[in-house]
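Here is a short note for a colleague opening this entry for the first time. Please keep the sequence and the 3D view at hand while reading the points.

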Amino acid sequence: MDAQTTRQRCHSKDAKQASTHGCGCVFLLLVGLLFHVQALAADGPRILVMTEVAGGVYGQTLEGLEQVLAALPEESRPRLVVRELSKLQPLPDTTGYDLVVTLGSDMAARLMTKPPDASLLCLLIPRLTFRHLVSQLPEPSRQRVSAIYLDQPFARTLHLLQSAFPEARDIAVPLGPSSALEKTELEAVAATHGLRLHPVHIREDENPLPAILGLLDDSDVVLALPDPVVYNQYSVQGILLATYRREIPVIGFSRAYVRAGAIAAVYTTPVQVGRQAGRLLLDAFAMTPPRLPPPRPPEEYEIAVNRQVTRSLGIVLPDDADLLGQVRRMDAVQERRP
């Protein structure tokens, strides 16, 4: 074997070793990148959802939330951890979560006794309940807490009233201890809509029916606001029957109240609340650290009309789609006002 052949064989061996070494480096690089991507996914935003039950309206709210998050690429999708806790179970450790979501007033109240360091979004909670709970928090914690209210804004409910009864001017408003706290705000909104409110205050130990009957002679419509002292399982049927006999329509505050006999209501479905929450969370995670917007009412909503009641009272209303369109147009005008 001559020297040239030996040099060629050695060169070929060195090339193979270099090639093998290069492939190994590429393989290790790819493995490293894979682990890096997995680590980024694992270290992505983490959301803890706390609820007493994962079914019913709570489950539907989760469904709406997951719809929004599922539209994101998997590598950038926040991790959703759902904890179902009974009243007897201790609260979980919220350390390591970027944001916490509660479903329902009871869960929000429990968590606010020991507010997390992360931002807190409360869903399916009445406006007054949320305001009361937040008022008891220390100032630094208040800045990290937000909500999507269960209640519709007063203006939206009045838009429904005026769309259904454009000639109505005098509105009976029974107020219990909690709804009376918002009387001034309601009166201000009504005044901008050219409506005259006739409020009556119901005490906790009082039968609301006689007081409501005293308003009907001077009222075109009864506006029902959510207040358990006025509207509860013992009083609802009596109030609705009395107003029906006097041929005074009632604008309700929920789809269930319309089924019970109110003539119409604006309401938001749990899925719609969940979708809105999902959009808020995505906006929050666009900031470092995540920051929630101020508490707000539902964005999406529907209209319910009891057509059996309208026929019985001889009232002609637009169909549901037209009525909903009118309310949305009035809402849009309201939002554009300074």
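1. A term comes first. Buried means under 20% relative accessible area, and exposed means over 50%. Partly exposed covers what lies in between. Please also keep in mind that this is a predicted model.

2. Start with Gln-162. Its relative accessible area is 16%, so Gln-162 counts as buried. The residue lies in helix α6, which spans residues 154–164. The Gln-162 side chain reaches the backbone oxygen of His-193 at 2.8 Å. Not counting residues up to four places away in sequence, Gln-162 touches His-193, Leu-195 and Met-330.

3. Now the whole chain. Its secondary structure comes to 13 helices and eleven strands. The chain has 338 residues, of which 43% count as buried. Take the contacts between residues at least 6 apart in sequence: 70% of them join residues at least 24 apart. The chain exposes about 18100 Å², and carbon and sulfur atoms supply 55% of that area.

4. Which residues have the most contacts inside the largest nonpolar core? They are Leu-160, Phe-165, Ile-171, Val-173, Leu-223, Ile-251 and Ile-303, in a core of 32 residues. Several elements each supply at least two residues of this core, including β6 (170–175), α7 (183–192), β11 (302–305) and α13 (320–336). Helix α6 gives the most, with six residues.

5. Leu-160 deserves a look of its own. Leave aside its neighbours within four places in sequence. Leu-160 is then in contact with Ile-251, Ala-264, Ala-265, Val-266, Ile-303, Leu-323 and Val-327.

6. Next, helix α3 (residues 105–112). Its buried residues are Met-107, Ala-108, Arg-110, Leu-111 and Met-112. What covers them? The cover includes the strands β1 (46–51), β3 (99–103), β4 (119–125) and β5 (145–149), along with helix α4 (127–135).

7. Turn to the aromatic rings. A search of the whole structure finds four aromatic pairs. One of them is Phe-130 with Tyr-149: the ring centres are 6.0 Å apart and the planes stand at 65 degrees, so this pair is edge-to-face. The pair links distant parts of the chain, with Phe-130 in helix α4 and Tyr-149 in strand β5, 19 residues apart. Phe-130 has 3% relative accessibility and therefore counts as buried. Tyr-149 is buried too, at 9%.

8. Phe-253 and Tyr-257 form a stacked pair, 5.0 Å centre to centre, with 15 degrees between the planes. Are these two residues buried or partly exposed? Phe-253 is partly exposed, with a relative accessible area of 30%, whereas Tyr-257 counts as buried at 4%. Together with Tyr-231, Phe-253 and Tyr-257 form one aromatic cluster.

9. Finally, two arginines sit over rings. Arg-46 lies over the face of Tyr-97, at 4.4 Å from the ring centre. Arg-127 lies over the face of Phe-154, at 4.9 Å from the ring centre.

Methods
Residues are numbered from 1 along each chain as its sequence is written. This is a predicted model: local features need pLDDT of at least 70, side-chain atom pairs count only at pLDDT 80 or more; totals for chains, interfaces and linings use all residues. Side-chain values use heavy atoms; hydrogens and water are left out. Helices (H or I, at least four residues) and strands (E, at least two) are DSSP runs, numbered from the N terminus. Buried means under 20% relative accessible area, exposed over 50%, partly exposed in between (1.4 Å probe, protein chains only). A polar contact is a pair of N or O atoms within 3.5 Å; within protein, one must be able to donate a hydrogen and the other to accept it, and residues adjacent in sequence count only if both atoms are side-chain atoms. Contact means heavy atoms within 4.5 Å. Rings of Phe, Tyr and Trp (its six-membered ring) pair if their centres lie within 6.5 Å; planes under 30 degrees apart count as stacked, over 60 as edge-to-face and the rest as tilted. A charge sits over a ring if NZ of Lys or CZ of Arg is within 6 Å of the ring centre and within 35 degrees of the ring normal. Accessible areas come from the Shrake-Rupley method with a 1.4 Å probe; for residues, only the protein chains shown count as cover. A nonpolar core is a set of buried Ala, Val, Leu, Ile, Met, Phe, Trp, Tyr and Cys residues joined through side-chain atoms within 4.5 Å.
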